Amino acid sequence: MTLSNADNEFESQAQALDFDFNGEIKIGGNYAPVIQHGHQVYVSGQIPRVGDQVIVTGAAGQEVTLKQAQLAAQICILRALALLRNQLGSLSKIKQVLRITVYVNSAHNFTQQSEVADGASGILLRVLGEAGRHTRTSVGVAQLPKGATVELDLIAAI
Amino acid sequence: MTLSNADNEFESQAQALDFDFNGEIKIGGNYAPVIQHGHQVYVSGQIPRVGDQVIVTGAAGQEVTLKQAQLAAQICILRALALLRNQLGSLSKIKQVLRITVYVNSAHNFTQQSEVADGASGILLRVLGEAGRHTRTSVGVAQLPKGATVELDLIAAI
Amino acid sequence: MTLSNADNEFESQAQALDFDFNGEIKIGGNYAPVIQHGHQVYVSGQIPRVGDQVIVTGAAGQEVTLKQAQLAAQICILRALALLRNQLGSLSKIKQVLRITVYVNSAHNFTQQSEVADGASGILLRVLGEAGRHTRTSVGVAQLPKGATVELDLIAAI
């Protein structure tokens, strides 16, 4: 089997962060990680979990630096891409990412949610190229499941 | 008229909670509770209001227990389903729930947003069966309209 | 070129607020302001920025009054409409607004997120008429990019 450019680039990005997303992607709660219907695919909110462990927890601007929060966003988007690859067979099936929403667990005075989200956007563009262009909303929230620093979800056209 | 399984199960779930969603569903503000376009239907953010009263208010993990917050999530999803039934005539028209986003009014250190959202997900699955499978995002917010403990919105395919 | 009613009304609303949205609409971060795919168009989260300046910053209910927060919501929706006009050529291409999500930077005890969002909803209805009817979710968040008081995003059918 020949991997598409997108699938290869996904592997490179995951290896660059030294994380392995080839096993089962764990989901908490009674919902679906991905729902595909017609030409759209929705991905549930992803936190920076690798295996059983949430890698980055706490509020950005307090316990967590901007750089650590960006790493959290990168892990979230790699999880989302891993789920999409599992669902679709190949990331090359994605015609266009339509939206990502990035929720950043934020200290009261932390206002760099957009910079945190850039961590995710950069990987989307590198892995998917033009199909990875996306609209984005980044907000600072009071808390996230399991104390995660970042949660993000995604909608794409296939 | 014969009610579908989904409509009957909706009634059972509402009765189990001892709430009546058969009257008008009140909406604050100048927007639409439901918009249907093509094969998609969007439901506005629902808070746990029954009639004129918001039943559960305050921050989860502070004034509000996990169990009370789960009840709030259950009322929100029943309201969303009541609105969909009014719009579509029958809940059996729903082909697939695509996304729910669950906003939990959260104390600083409350991290069980996913467990709160399970209250809503359980009802969706019981009422709609396979069509009720959905992607989900749960986040902890600083405050919600009228001090509600939970707000949730929904997108479905019809 | 004859402007549609919607385009004229957009100009009127912008002039009423004394803001000019005819230049480039600045976007921070490496993402797209608008993505159009098939019959749907997504607009990225907009903050109340005019030119280089974020006009309204700080938490509603603390440094910022309800009225100022409503102005912020108005600027956000005018920016979203300006981006849609640039993308589509004319606002008359919009068949139906499907969803706006309004994030309000909120003091701990501020619960009028829905009233803030009414600022945006009113303009949508005035500019687009029936096509401007929309579902809405309004929540209170801990912080927003650049300290903005409001951020909102939008999905529409074209």
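Q: How many residues does the contact take from chain C and from chain A?
A: Chain C provides 23 residues and chain A provides 26 residues; two residues are in contact if their C-beta atoms, placed from the backbone, lie within 7 Å. This is a predicted model, in which local features need pLDDT of at least 70, side-chain atom pairs count only at pLDDT 80 or more, and totals for chains, interfaces and linings use all residues. Residues are numbered from 1 along each chain as its sequence is written, while chains are lettered from A and ligands numbered from 1 in the order in which they are written.

Q: Turning to chain A, what is the order of its elements?
A: From the N terminus on, the order is α-β-β-β-β-α-β-α-β-β, with three helices and seven strands in chain A.

Q: What share of chain A is buried?
A: Of the 158 residues in chain A, 59% are buried, that is, 20 or more other C-beta atoms lie within 10 Å of the residue's own, with C-beta atoms placed from the backbone.

Q: What box do the C-alpha atoms of chain A fill?
A: Taken along the principal axes, the box is roughly 45 × 30 × 30 Å.

Note on methods:
Helices (H or I, at least four residues) and strands (E, at least two) are DSSP runs, numbered from the N terminus. A residue is buried if 20 or more other C-beta atoms lie within 10 Å of its own, exposed if 12 or fewer, and partly exposed in between; C-beta atoms are placed from the backbone.
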